[in-house]
Amino acid sequence: MTTLKLHNHRFNAGKSLIAALGLAIVSGQAYAQSFSLDFSNEYNASSIHAQGDAYFIDKVKELTDGDISITLHTGGALGFNSGDHFYAVADGAVDIADTLSGTMSGVDSIFLLSSLPFLVNDIEDARQLYDIAKPYYEAVFEDNDQVLLYASPWPPSGIWSKDAIDSADDLTSLKIRTFDRSGTETFRNAGASPVSLSWGDVVPQLATGGISAVLTSAEAGANASFWEHQNHFSAVQYAIPLNMVHMNKAVFDSFSEEQQQAVLEAARLTDQHNWAAVETRTEENYQVLAENNVEVSDPVAQDLTDALSEASASVIENWLGSTGDTGETIMDEFRGQQ
């Protein structure tokens with residue numbers, strides 16, 4: 001009898017455990033599953049993008065009561081740069097990544113949109129352009145097993161250089177780093193000698209003399225202490241490119257419905273935060289540059305602007321040719337709002 005009672009006790013305990021597990025599975029709330037994710041960013045922790053990512057992580061933690069924990073790895077610490085991110089996230093090698101949009105142009109030319117030269121005049125224009133194009137971006141990510149979470153805009157791109165860029169003639173044979181094929185084509189048309197480099201390769205190339213100028217924002221140069229190699233920043237207002245933060249869809253799908261909604265809400269709030277933050281960033285960057293004796297030309301000479309604008313005409317034409325009806329639709333809607 002004793003043996004039978006013990007058996008029954010174990011059987012009943014087993015039924016209770018199964019019932020408890022069933023409750024956790026069915027309710028998805030009483031015993032919410034916890035997740036620890038890795039987030040890759042090739043820029044340093046003080047960059048506007050990493051700060052936006054940290055904001056997102058805090059919001060996710062808050063909105064999921066700590067059930068989703070995300071670790072941000074800056075400076076390419078996971079071994080991935082922007083050029084690696086799209087397929088690394090698609091393949092599940094990394095859960096989330098913050099990626100310079102133009103580096104994904106090999107996947108789809110739509111990703112060159114935000115960095116098309118001299119298309120937008122200010123942050124408001126850049127935001128309008130993103131809002132118009134967002135459904136098209138989302139579709140590409142979805143087709144590649146990913147979820148677009150939010151955008152992270154850069155302050156306007158300019159030219160960092162060792163010597164002053166005072167006129168169009170100063171572009172001749174200039175060894176300048178560009179960040180995508182649109183920039184490479186524009187500066188080649190302007191007579192320069194552009195070199196497309198990922199961010200991690202820029203400072204080493206400056207240090208060894210492989211390049212003498214860099215197409216990027218005051219923000220990026222300030223974060224990388226460019227004043228150790230460069231003395232001038234020319235605010236040519238080339239573009240306001242975007243980084244995009246994207247997530248592996250299988251990871252997203254493993255969340256409960258409540259967790260998914262929390263992540264999307266955190267992304268929405270971060271999107272708002274990032275667009276507001278970029279509004280004041282250039283002025284803050286200029287203060288840092290002044291403290292480090294960097295000469296800022298803002299505005300730049302008109303003939304320099306004219307030369308670059310003329311050099312960029314074919315870039316936009318080629319982009320429209322590569323994107324077909326999608327590009328025409330986006331451009332028509334954007335120009336209709338101007």
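Author: The largest pocket has 15 lining residues, and those nearest its centre are Lys 134, Glu 138, Leu 148, Leu 149 and Leu 264. A pocket here is an open set of points on a 1 Å grid over the protein atoms alone, where a 1.4 Å probe fits, with protein on both sides within 12 Å along at least five of seven lines; a lining residue has an atom within 4 Å of a point. Bear in mind that this is a predicted model, where local features need pLDDT of at least 70, side-chain atom pairs count only at pLDDT 80 or more, and totals for chains, interfaces and linings use all residues. Residues are numbered from 1 along each chain as its sequence is written, and side-chain values use heavy atoms, without hydrogens and water.

The volume comes to about 210 Å³, taken as the space filled by probe spheres set on the points, which are joined across faces, edges and corners. By type, the lining splits into seven charged, six nonpolar and two polar residues (Asp, Glu, Lys and Arg are charged; Ala, Val, Leu, Ile, Met, Phe, Trp, Tyr, Cys and Pro nonpolar; the others, Gly among them, polar).

S4 belongs to an open, mixed sheet of five strands, ordered S2-S1-S3-S10-S4 (strands pair if DSSP finds at least two bridges between them). Strand S4 (146-153) and strand S2 (68-73) are the edges, each with a single partner strand, so one side of each has no neighbour in the sheet. H9 (residues 257-279) packs on this sheet, touching S1, S2, S4 and S10 (contact means heavy atoms within 4.5 Å).

Definitions and conventions
Helices (H or I, at least four residues) and strands (E, at least two) are DSSP runs, numbered from the N terminus. Axes are lines fitted to C-alpha atoms, for helices over the stretch in contact, and angles run from 0 to 180 degrees between N-to-C directions.
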